[in-house]
Amino acid sequence: MLVLTFLTVFFLIWTLLNPRAMLEHVRGFMPGTSSNSIKGEWVGHIDIYGVQDPWHRALLKPAVIRFRLGTQDYFLDNYGGTGEISIAGQPPQTFHLKALSISAKDPNHEFRTSLWLDGYHPNDPKDLVSGSFHGQWKAGESLSIERDLFTGYDMKGVLVKGTDDDYNSLVQAMNAAAGAKP
């Protein structure tokens, strides 16, 4: 009984001190996402402008990316989801985006996350995409994302809320501009 009382008091104090966070948690259980929410389908261009690993040749290639963000952990306020990246001249690759977290107290909405190709293996020399990323979310506008500098591709891009049709149109336009076959 004492534990239940303690948890109830803790919950009430937390709710009073964090009313905005409580509303976001309640909204997380509701269907649909607003344009001001980070949850939803994101689509955009990614520029690949080099490779960190000196054993691979440098390159400049466009890419198109899409992913669907949903709440991954309500308690830690983390987001995650699945997606696909299409690099000009290569077949699309699916991935998981994990542990994207934005502090409610950060006015710049900066975040860190990780992107892992399906079938990821740490010793795969062909996987130049998987790794950690950072970026900034502008509510109702865009999501910028950039690869952290370790190994693999140097990547930077901007995404907006979009649909599968938007993604497919961007992939077709990218491949036509690059003279590549999908």
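The largest cavity holds about 40 Å³ of space, where a cavity is a set of points on a 1 Å grid over the protein atoms alone at which a 1.4 Å probe fits but cannot get out. This is a predicted model, in which local features need pLDDT of at least 70, side-chain atom pairs count only at pLDDT 80 or more, and totals for chains, interfaces and linings use all residues. Residues are numbered from 1 along each chain as its sequence is written, and side-chain values use heavy atoms, with hydrogens and water left out. The chain has 3 helices and 8 strands, and here is a friendly tour of what they hold.

**Overall layout**

- Along the sequence, the elements follow the pattern α-α-β-β-β-β-β-β-β-β-α; helices (H or I, at least four residues) and strands (E, at least two) are DSSP runs, numbered from the N terminus.
- Of the 182 residues in the chain, 37% are buried, with buried meaning under 20% relative accessible area, exposed over 50%, and partly exposed in between (1.4 Å probe, protein chains only).
- Among contacts with a separation of 6 or more, 49% join residues 24 or more positions apart; a contact means heavy atoms within 4.5 Å.

**The cavity**

- Searching the whole structure turns up 1 cavity of 30 Å³ or more. Its volume is the space filled by probe spheres set on the grid points, which are joined across faces, edges and corners.
- Rolling a probe the size of a water molecule over the atoms shows where empty space is left.
- The lining of the largest cavity is made of Ile46, Ile65, Ile85, Leu115, Val129, Phe133, Ile145 and Met155, a lining residue being one with an atom within 4 Å of a point.
- Those lining residues divide into 8 nonpolar, no polar and no charged. In this count Ala, Val, Leu, Ile, Met, Phe, Trp, Tyr, Cys and Pro are nonpolar, Asp, Glu, Lys and Arg are charged, and the others, Gly among them, are polar.

**Nonpolar cores**

- The largest nonpolar core has 29 residues, and those with the most contacts inside it are Ile38, Phe67 and Tyr153. Such a core is a set of buried Ala, Val, Leu, Ile, Met, Phe, Trp, Tyr and Cys residues joined through side-chain atoms within 4.5 Å.
- Elements giving two or more residues to this core are strands S1 (40-51), S2 (61-73), S3 (78-87), S4 (93-102), S5 (110-117), S6 (131-138), S7 and S8 (153-161).
- A second, separate core has 6 residues, including Val43, Ala88, Val171 and Met174.

**Phe67 and its aromatic partner**

- The whole structure contains 1 aromatic pair; rings of Phe, Tyr and Trp (its six-membered ring) pair if their centres lie within 6.5 Å, and planes under 30 degrees apart count as stacked, over 60 as edge-to-face and the rest as tilted.
- The ring centres of Phe67 and Phe95 are 6.4 Å apart and their planes meet at 70°, so the pair is edge-to-face.
- Phe67 belongs to strand S2 and Phe95 to strand S4, 28 residues apart, and the pair links distant parts of the chain.
- Both Phe67 and Phe95 are buried.
- Beyond its neighbours up to four places away in sequence, Phe67 touches Gly40, Glu41, Trp42, Thr82, Gly83, Phe95, Leu97, Leu143 and Leu159.

- Leu159 sits in strand S8 and is buried because its relative accessible area is 0%.
- From C-alpha to C-alpha, Leu159 and Trp42 are 5.9 Å apart in space, although 117 residues apart in sequence.
- Leaving out residues up to four places away in sequence, the contacts of Leu159 include Trp42, Phe67, Ser142 and Ile145.
- Ser142 is in strand S7 (residues 142-147) and counts as buried because its relative accessibility is 14%.

**Backbone points to look at**

- Most residues other than glycine have a negative phi, and most peptide bonds are trans.
- Ala99, in strand S4, has a positive phi of about 55° although it is not a glycine; Ala99 is partly exposed, at 38% relative accessible area.
- His109, in the loop between S4 and S5, also has a positive phi, near 55°, and is buried at 18% relative accessible area.
- Gly179 lies in the segment after helix H3 (164-178) and is exposed, with a relative accessible area of 66%.

Definitions and conventions: On a 1 Å grid over the protein atoms alone, a cavity is a set of points where a 1.4 Å probe fits but cannot get out, and a pocket is an open set with protein on both sides within 12 Å along at least five of seven lines; lining residues have an atom within 4 Å of a point.
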